[in-house]
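Please open the model in your viewer and keep the selection tool at hand.

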Amino acid sequence: MFRLARHLLHLIVSPVLNGGRYLIAGSWRRGLVLLGTLIAASVIGGLLYAWLGLASVSARSGHWPITQWFLHMAMRNAVDTQSVNVKPPLSLNDPKLILKGAGHYETGCSPCHASPGKEQSLIVKQMTPKPPILAPRIKEWKPEELFWIVKNGIKFSAMPAWPAPERDDEIWAVVAFLQRLPELSSERYNQLAVGPGSLRQSKQTGQLNALAEPLGPALANCARCHGTNGQGRGDSAIPRLAGQREQYLLASLQAYAKGKRKSGIMQPVAAGLDDQTMRDLARHYATLTRSEDASPVIQSSEAIRRGESIALHGVPRQGVPACGHCHGPKQAKRNPFYPELSGQYAEYLNLQLELFKSQKRGGTEYVTLMHSAVRRLTPEQMSNLSAYYASLKTER
């Protein structure tokens, strides 16, 4: 290795000395030769420096100030340019959207970027580059820039891309929460991101009995979004799981874990569950009783009536089949892998129909049936249909 290094060094030094002689002779062509020689020498020198193992790749060494400036400048300008065509939705201040993003932030973001009342993890503090504490820096970014970063991630850092790039609705939910983050107290953050029944909240109150059960930690994780009683924390952005069919819940968890049902929020959670835990969770939520007043319907009675017609009779002229054959409310024996829709939140149902129509919603082996059934529905018809099922009393 020493002989090879000496030979490479000779290759670098000799052209430089020869280039110097050309420059002294006063020829501009020779000056160009010198410039090219210096560039070639720099490239070869850099390769030699790396090949010999002299470059520091230790996270403890940090970056040179010029390197840090260059990387940050390149990142800021790239995000600014590449997010130019991103158009934020009008609903970024919607409390339901903020709540939906809050739960994911606690799981996927706070270990690296901290949260009100909670510092970055000790491991993260040893990274290069060190992830920024977000709360004081969110105001530096526009919503469309935050969207681009969350969706695409950042190279040469630990910032990952969104696991389900098809789900722009989830990414906007995270952006909506991020915009609220700077103004949140520790208490308000816990209300939004942690929720009732969480491990952190149970530690604070001393109520650890429920967490001692085998499903305790998994249920505490689910409760942040779906509530301790499976009612979705009383918000239409998050589905009610209580009383849902066990087979459907299990198949959904398995589809999330395998990436067949796209969700950057649910897939990381489901992928960490073993098969028995999935079965136990599905059985647990299926045995819970839904409350009758958890799904307020604000649509007009006329919209509900039109939705009922679609559910019971379909729209023959558009080739849309009746929904009731698979999802009720007809009291007939139905496939257990088809979900119960009665009493589900209208906004959640409407989002699922939109995802089915754009074929961004996967799921069980029967998902293609929904792609076909929904594709000819208009936005108004989907809204009416969602309002109708939300207005129904639950069957359990």
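Begin with Ser110, which belongs to helix α4, residues 95–113; helices are DSSP runs of H or I with at least four residues, numbered from the N terminus. The model is a predicted one, in which local features need pLDDT of at least 70 and side-chain atom pairs count only at pLDDT 80 or more, while totals for chains, interfaces and linings use all residues. Residues are numbered from 1 along each chain as its sequence is written, and side-chain values use heavy atoms, with hydrogens and water left out.

**Around Ser110**

Is Ser110 buried or exposed? Ser110 counts as buried because its relative accessibility is 0%; buried means under 20% relative accessible area, exposed over 50%, and partly exposed in between, with a 1.4 Å probe and protein chains only. Now display its contacts (heavy atoms within 4.5 Å). Neighbours within four places in sequence aside, Ser110 touches Tyr105, Ser115, Lys118 and Tyr189.

**The largest nonpolar core**

Next, select Tyr105, Trp162, Phe177, Leu178, Leu181, Tyr189 and Leu192, the residues that touch the most other members of the largest nonpolar core, which has 38 residues. Such a core is a set of buried Ala, Val, Leu, Ile, Met, Phe, Trp, Tyr and Cys residues joined through side-chain atoms within 4.5 Å. At least two residues of this core come from each of α4, α5 (143–152), α6 (168–180) and α7 (186–194). Which helix gives the most to this core? It is α6, with 8 residues.

Centre the view on Trp162. Not counting residues up to four places away in sequence, its contacts include His104, Val150, Glu170 and Ile265. Apart from this core lies another, of 19 residues, among them Ile304, Ala311, Val320 and Val374.

**Aromatic pairs**

How many aromatic pairs does the structure hold? There are 7. Rings of Phe, Tyr and Trp (its six-membered ring) pair if their centres lie within 6.5 Å; planes under 30 degrees apart count as stacked, over 60 as edge-to-face and the rest as tilted.

Select Tyr105 and Phe177: the ring centres are 5.2 Å apart and the planes meet at 50°, so this pair is tilted. The two residues are 72 residues apart, Tyr105 in helix α4 and Phe177 in helix α6, and the pair thus links distant parts of the chain. Tyr105 is buried, at 0% relative accessibility, and Phe177 is buried as well, with a relative accessible area of 0%.

Move on to Phe337 and Tyr366, a tilted pair with 6.1 Å from centre to centre and 40° between the planes. Phe337 lies in the loop between α14 (324–327) and α15 (346–357), and Tyr366 in the loop between α15 and α16 (367–374), so the pair ties together parts 29 residues apart in sequence. Phe337 is partly exposed at 29% relative accessibility, and Tyr366 is partly exposed at 25%.

**A charge over a ring**

Select Arg76 and Trp141: the charged end of Arg76 sits over the ring of Trp141, 3.8 Å from its centre. The criterion is that NZ of Lys or CZ of Arg is within 6 Å of the ring centre and within 35 degrees of the ring normal.

**Last stop: Gln381**

Finally, select Gln381 in helix α17, residues 379–391. Gln381 counts as buried, at 12% relative accessibility. A polar atom of its side chain lies 2.9 Å from the backbone nitrogen of Thr378.

Terms used
Polar contact = N/O pair within 3.5 Å; in protein donor to acceptor, adjacent residues only side chain to side chain.
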